[in-house]
Amino acid sequence: MRGEILGFERRRRWSDEEKLGIVMSVGTDKATVTQVAQRHEVTRQQIYAWRHEMKKKGLWSPDGGALFLPFDIPTHGVPAIADTPIIAAPMAVELRLRNGRSLHFDSSMTAVALTQLIRAVEAA
């Protein structure tokens, strides 16, 4: 078997700050993992590995920048809509339930529909 050397492979060293910056750029301006990987000339798997590494070191949290609001659901009836703030543009909302499940929905969802969804998920 004969081999040919086409060039030498360079091994890049990334500081934690550089890795964190790359990991955090995923989702910024709707950038996907693939797009970020291509931009920085690394593989998608490398970004996932760095994400796991940064999470283990406590440098990155998937919940970073998340806004948590108190939300009580009465056992009977529907939450009062009058107390609900008016949001100009619909936005993505993540709701974490006590059982560890997460719901992702649009902020324009009605309180009645959201209540029904939560009850269905908790009953499952």
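Let's call a residue buried when its relative accessible area is under 20%, exposed when that area is over 50%, and partly exposed in between (1.4 Å probe, protein chains only). Bear in mind that this is a predicted model, where local features need pLDDT of at least 70, side-chain atom pairs count only at pLDDT 80 or more, and totals for chains, interfaces and linings use all residues. Residues are numbered from 1 along each chain as its sequence is written, and side-chain values use heavy atoms, with hydrogens and water left out.

Start with the overall layout. The chain has 4 helices and 2 strands, where helices (H or I, at least four residues) and strands (E, at least two) are DSSP runs numbered from the N terminus. Read from that end, the order of elements is α-α-α-β-β-α. Of the 124 residues in the chain, 19% are buried. The accessible surface is about 10400 Å², and carbon and sulfur atoms own 55% of that; the areas come from the Shrake-Rupley method with a 1.4 Å probe, and for residues only the protein chains shown count as cover.

Now zoom in on helix α1, residues 16–24. Its buried residues are Lys19, Leu20, Ile22 and Val23. They sit on the same side of α1, because they cover an arc of only 165° around the axis, taking the arc as that of the directions from the helix axis to the C-beta atoms. What covers them includes α2 (33–40) and α3 (44–57).

In soluble globular proteins, nonpolar side chains tend to be buried together. Here, the largest nonpolar core has 12 residues, among them Leu20, Ile22, Val23, Val36, Ile47 and Trp50. The elements giving two or more residues to this core are α1, α2 and α3. A core of this kind is a set of buried Ala, Val, Leu, Ile, Met, Phe, Trp, Tyr and Cys residues joined through side-chain atoms within 4.5 Å. There's also a second, separate core of 7 residues, including Leu95, Leu103, Ile118 and Val121.

Lys19 is buried, with a relative accessible area of 12%. With the residues up to four places away in sequence again set aside, Lys19 touches Trp14, Trp50, Glu53 and Met54. The side chains of Lys19 and Glu53 are joined by a polar contact of 3.1 Å; that term covers a pair of N or O atoms within 3.5 Å where, within protein, one must be able to donate a hydrogen and the other to accept it, and residues adjacent in sequence count only if both atoms are side-chain atoms.

Key
Contact means heavy atoms within 4.5 Å.
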